[in-house]
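Open the model in your viewer and keep the selection panel at hand. Each stop below says what to select and what is there.

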Amino acid sequence: MAQLNILLFGIGKIGSTFVNKYIERQEEIAAQKGIKLHLGAIANSKFVFWAASESPNKQWIADLENYQKPYKLENVVHKFQSLYGENLVAVDATADEHLAQHYPFLIESGFHIVSANKTANVQPIDFHIGLRNLLKENQKKFFYETHVGAGLPVLETLRRLYQSGDEVTRVRGVFSGSLSYIFNTFSEENKSFSQVLDEAEKLGLTEPDPRTDLSGIDVARKLLIIARELGIHKELNAVEVESLLPKKLNGHTTLHQFKSRIKELDSLYQSRKRELKKDEVFRYVGEWDLKSKTLKVRLQTFPKEHTLGYISGTENVFEIYTKSYQPEPLVIKGSGAGLDVTSNGLLRDVLKIAEFVPSTVV
Ligand SMILES: NC(=O)c1ccc[n+]([C@@H]2O[C@H](COP(=O)([O-])OP(=O)(O)OC[C@H]3O[C@@H](n4cnc5c(N)ncnc54)[C@H](OP(=O)(O)O)[C@@H]3O)[C@@H](O)[C@H]2O)c1
């Protein structure tokens, strides 16, 4: 049986759902897959909690040595390494770019990485390539399927197409579960834009700061991650983005100020809604095209019966055109956000690590 020793960063919405799934499924995974999962420590931005015992009946103790603000990543990593030795997995359920920039340190400290933190895959291209080289040198794995499409097998599919030589010529779609929900609801229901945005936030669909969704940066990141998966070495600033926020609400406002002024968006979107034709819906679309070599993110309208129009709730849809899949694309569609699908996706990525680690008798 292989034992995976997990160090979890982030106990927010995704991280805590991941912990619940781990507790619920730990025994079944050991019995059915022969993989023993051991969540050794959990960290938020300020504190680290260590598992008091290996029993599935989890009790956690705060680490008083590191009980400082902020704790030192190096101390936690070295302590974890000396406690568990091998088969170490760092799970990043934060949105923290600083942590993503420490992945090389984690890899060199013996960790495989599973990440929901997209900032890790949009770093400057030298870092991106360096990370892949470091993974090879250290024989470590980095899985991040949840970066695009939450639990949907988008990156895996693109990787397989790319590796099989079936040239991908265009990828287009609705990549944001939160914006999908927002525009599905706003296009079809008689609610103000701020009301719909508030609902999406309460459902845990938006990013920790909803401006990450509305500025288009989240979709731009996903589009860049898709492009890089296809061997295109572009930077984030190469993505042409139509922001959903007017300048006065993006940029210099704090999150608190932004939330207090959210109603200012209502008149803007109400007037755009008046321009919608019958049976048309808004879609915030990301598109990469081989011919024009462009990466674009913009608000568009589609007939409801179009592949990109025919989605509901938090669904994402990805049209993938290749030499074999044209003129009709390969389509991947399904729920593209949410605590359940994302934390399941993280757990699946953790389980994939077990295929690459030595078995230990436990
Ligand atoms: N929601 C979805 O459907 C979805 C889908 C795919 C991917 N994701 C990604 O999942 C990630 C987590 O999202 P979320 O909604 O769970 O966010 P969240 O509720 O805001 O939680 C973020 C957590 O990260 C912690 N954190 C921040 N910096 C840290 C650091 N340096 N070390 C350790 N912990 C740190 C925070 O701790 P404090 O509380 O101490 O600040 C908090 O516990 C994001 O990257 C998001 O893009 C979400």
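How many Å separate the centres of domain 1 and domain 2, taken over C-alpha atoms? The figure is 28 Å. Keep in mind that this is a predicted model.

**Stop 1: the two domains**

Select 2–150 together with 341–356 and colour them as domain 1. Then select 154–336 and colour these residues as domain 2. Both ranges come from the domain assignment of the protein.

**Stop 2: the contact**

Now show the residues where the domains touch. Domain 1 gives 19 residues to the contact and domain 2 gives 22. Between them the two domains bury about 1,800 Å². Carbon and sulfur atoms account for 62% of that area.

Next, select Lys118, Val122 and Val148 in domain 1. These residues lose the most area to domain 2. Together they make up 32% of what the domain 1 side buries.

**Stop 3: polar links across the contact**

Two salt bridges run between domain 1 and domain 2. The count of residue pairs in polar contact between the domains is nine, with both residues at pLDDT 80 or more.

Which elements give two or more residues to the side of domain 1 that touches domain 2? They are α5 (125–138) and α13 (339–353). Helix α5 supplies the largest share, three residues. By residue type, this side of domain 1 divides into nine nonpolar, six polar and four charged residues.

**Stop 4: Asp218 and Lys118**

Zoom in on Asp218 and Lys118, which form a salt bridge. Their closest N and O atoms are 3.4 Å apart. The count of salt bridges comes to 23. Why does the Asp218 and Lys118 pair tie together parts that are 100 residues apart in sequence? Asp218 lies in helix α10 (residues 217–229), while Lys118 lies in the loop between β6 (111–115) and α5, so the pair links these separate parts of the chain.

**Stop 5: the ligand**

Stay on Lys118 and bring the ligand into view. A polar side-chain atom of Lys118 lies 3.2 Å from an oxygen atom of the ligand.

Now widen the selection around the ligand.

Definitions and conventions. Residues are numbered from 1 along each chain as its sequence is written. This is a predicted model: local features need pLDDT of at least 70, side-chain atom pairs count only at pLDDT 80 or more; totals for chains, interfaces and linings use all residues. Side-chain values use heavy atoms; hydrogens and water are left out. Domain bounds come from an automatic or database domain assignment. Contact means heavy atoms within 4.5 Å. Buried area is the accessible area (1.4 Å probe) that two parts lose on being put together, summed over both. A salt bridge is a side-chain nitrogen of Lys or Arg within 4 Å of a carboxyl oxygen of Asp or Glu. A polar contact is a pair of N or O atoms within 3.5 Å; within protein, one must be able to donate a hydrogen and the other to accept it, and residues adjacent in sequence count only if both atoms are side-chain atoms. Helices (H or I, at least four residues) and strands (E, at least two) are DSSP runs, numbered from the N terminus. Ala, Val, Leu, Ile, Met, Phe, Trp, Tyr, Cys and Pro count as nonpolar, Asp, Glu, Lys and Arg as charged, and the others, Gly among them, as polar.
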